[in-house]
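Biologist: I would like to learn how to read salt bridges in a model. Could you take me through a case?

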Amino acid sequence: MRSSASTVVEMPRHVGLIMDGNRRWARAAGLARVSEGHRAGADHLEDVLEWLSARGIRHVSVYVLSADNIRKRDADEIGYLFQLIESVLPVKVRQWSDWQLHVAGDVTLLPESCATVLRDAVEATRGRPAHLTLAIGYDPQSEVCDAVRRMLADGQQAEGDALVAAISERLPGGPIKDIDLVIRTSGEHRISGFFPWQSQHAEIVFSDKMWPAFGERELDSALGEYARRRSAAHT
């Protein structure tokens with residue numbers, strides 16, 4: 001017997017994560033270095049990916065590091081983040097056995113050793129069934145401009161919905177571009193240029209939890225809020 005429409009719980013197909021609050025979490029935990037918060041945040045991503053996968057969500061985009069972060073934050077902190085990517089990502093690639101990795105952003109802003117690790121990870125995970133996009137050296141305006149340039153270089157001319165589709169398919173990331181739900185941790189109520197083209201129609205949920213403390217209960221709360229909003233939109 002089919003469930004009635006009122007009992008169907010709508011789940012997002014593509015979830016975006018803004019992992020904020022690593023440094024504040026480290027200070028609150030009394031850690032000697034705030035950089036330890038970044039390491040805890042990187043490790044925690046694996047847990048959240050497992051929770052999402054268990055709920056049937058196979059498309060995830062994650063804000064790691066913006067172009068502005070690279071240009072404006074303390075050089076030692078940014079250098080640590082680059083080293084963290086280089087040391088952690090090869091290990092995570094083996095642990096994230098189902099996830100095909102995509103990178104959105106300008107990798108020329110990264111040290112060549114870090115960019116090489118990212119390129120190798122993308123190649124090593126090619127063909128896996130789920131899709132994880134990491135925004136690193138990310139600038140939303142540059143991303144859309146680059147997609148338009150690629151469209152023009154391909155000689156494609158389009159208008160209306162066809163133009164939108166032509167640009168979307170040239171954006172980095174997995175095959176499902178549109179993000180349904182964006183979750184930002186740490187209590188900040190802004191999205192900081194997080195995939196604005198792809199998340200145009202997304203529901204946005206803000207959590208007061210710092211990223212390393214964002215638990216399975218908070219994830220289910222965000223998913224429940226998404227379902228409630230979508231159900232209300234259909235009534």
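**Reading the salt bridges**

Modeller: Start with one side chain: Arg58 is partly exposed, at 25% relative accessibility. The model is a predicted one.

Biologist: What does Arg58 form a salt bridge with?

Modeller: In general, side chains of opposite charge can pair when their charged atoms come close. Here the partner of Arg58 is Asp98, and their closest N and O atoms are 3.8 Å apart. Asp98 sits in the loop between H4 and strand E3 (99-104), and Arg58 in the loop between helix H2 (35-54) and strand E2 (59-66), so the pair ties together parts 40 residues apart in sequence. Asp98 is partly exposed too, with a relative accessible area of 32%.

Biologist: How many salt bridges does the structure hold?

Modeller: There are 23. Among them is the one between Glu77 and Arg23, whose closest N and O atoms are 3.4 Å apart. Since Glu77 belongs to helix H4 (residues 75-95) and Arg23 to helix H1 (residues 22-28), this pair ties together parts that are 54 residues apart in sequence.

Biologist: Is Glu77 buried or exposed?

Modeller: Buried: the cut-off is under 20% relative accessible area, and Glu77 has 14%. Arg23, at 29%, is partly exposed.

Biologist: Which residue pairs with Glu188?

Modeller: Arg190, with 3.5 Å between the closest N and O atoms. Glu188 is partly exposed at 25% relative accessible area, and Arg190 is partly exposed at 44%.

Biologist: Which residues are linked in a network of salt bridges?

Modeller: Such a network links Glu10, Glu203 and Glu225 with Arg228, Arg229 and Arg230.

Definitions and conventions: Residues numbered from 1 in each chain as written. Predicted model: local features only at pLDDT ≥ 70, side-chain atom pairs only at ≥ 80, totals over all residues. Heavy atoms only, no water. Salt bridge = Lys/Arg side-chain N within 4 Å of Asp/Glu carboxyl O. Helix = DSSP H or I, 4+ residues; strand = E, 2+ residues; numbered from the N terminus. Buried < 20%, exposed > 50% of the residue type's maximum accessible area, 1.4 Å probe, protein only.
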